[in-house]
Amino acid sequence: SRSYLEEEWADEYCKQPIVELRIVVQNTGNTGRSSSTSMVSVPEQLVSVDASTRRRGEELMELQSDARFVKKIANLDGTPYVYPASRVLEDIESNLFQLRLFESVVIQTHIHARGCSTTTKFRKKSKFTKLLLCGG
């Protein structure tokens, strides 16, 4: 049984500082293999932004609790990225995308920016973002 307060707020959203982060990824061919066969894939992963200071470590994590803020992959012109039909089904299930030489995409994700009431504060607080790329 839920309390009166839980029932009253069950369908409401809480205010949270959220920043939309867009990351451009391009395969430039620096994988150590021949440039004609170099392909880069990005496995499914959580995106986080490092906001550590000298005194404490902190990461701002990708928001996952709200269906409105699902991670999206798009082409540079803004159209949704479509996984090429020629790629293997197992790759499609485990990877966000695969890029051939000089192909590019934009990862659009939403970060829970704790302690950042403005985008300026977020930019000052954030240091870097890590993204795992697999050459193959």
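Student: Why is β7 described as largely enclosed by the rest of the structure?

Tutor: Eight of the nine residues of β7 are buried, so the strand is largely enclosed by the rest of the structure. Buried means under 20% relative accessible area, whereas exposed means over 50% and partly exposed lies in between, with a 1.4 Å probe and protein chains only. Before we go on, note that this is a predicted model, in which local features need pLDDT of at least 70 and side-chain atom pairs count only at pLDDT 80 or more, while totals for chains, interfaces and linings use all residues. Residues are numbered from 1 along each chain as its sequence is written, and side-chain values use heavy atoms, with hydrogens and water left out.

Student: What makes threonine 109 count as buried?

Tutor: Threonine 109, which is found in strand β7 (residues 104-112), has 0% relative accessibility and therefore counts as buried. Strands here are DSSP runs of E with at least two residues, and helices are runs of H or I with at least four, both numbered from the N terminus.

Student: Which residues are in contact with threonine 109, leaving aside its neighbours within four places in sequence?

Tutor: They are Val19, Glu20, Leu21, Val47, Glu62 and Lys71, where contact means heavy atoms within 4.5 Å.

Student: What makes the link between the side chains of threonine 109 and glutamate 62 a polar contact?

Tutor: The distance between them is 3.3 Å, and a polar contact is a pair of N or O atoms within 3.5 Å; within protein, one atom must be able to donate a hydrogen and the other to accept it, and residues adjacent in sequence count only if both atoms are side-chain atoms.

Student: How do you know that β1 and β7 pair?

Tutor: Two strands pair if DSSP finds at least two bridges between them, and strand β1 (residues 18-26) and β7 are joined in the antiparallel sense over nine bridges. In β7, serine 104 is the bridge partner of glutamine 26. β5 also pairs with β7 in the antiparallel sense, over three bridges, and isoleucine 73 has isoleucine 107 as its bridge partner in β7.

Student: What makes β4 and β8 edge strands?

Tutor: Three strands form an open, antiparallel sheet in the order β4-β3-β8, and β4 (59-61) and β8 (128-130) are its edge strands, since each pairs on one side only. Three bridges join strand β3 (residues 48-50) to β4, and the partner of aspartate 50 in β4 is glutamate 59.

Student: Why is the pair of tyrosine 81 and phenylalanine 97 called edge-to-face?

Tutor: The structure holds one aromatic pair. In this pair, tyrosine 81 and phenylalanine 97 lie 6.2 Å apart centre to centre, with 70 degrees between the planes. Rings of Phe, Tyr and Trp (its six-membered ring) pair if their centres lie within 6.5 Å, and planes over 60 degrees apart count as edge-to-face, under 30 as stacked and the rest as tilted, so the label is edge-to-face. The pair links distant parts of the chain, 16 residues apart: tyrosine 81 is in the loop between β5 (72-74) and α2 (89-94), and phenylalanine 97 is in strand β6 (residues 95-99).

Student: How do you know whether tyrosine 81 is buried or exposed?

Tutor: Tyrosine 81 has 17% relative accessibility, so it counts as buried. Phenylalanine 97 is buried too, with a relative accessible area of 0%.
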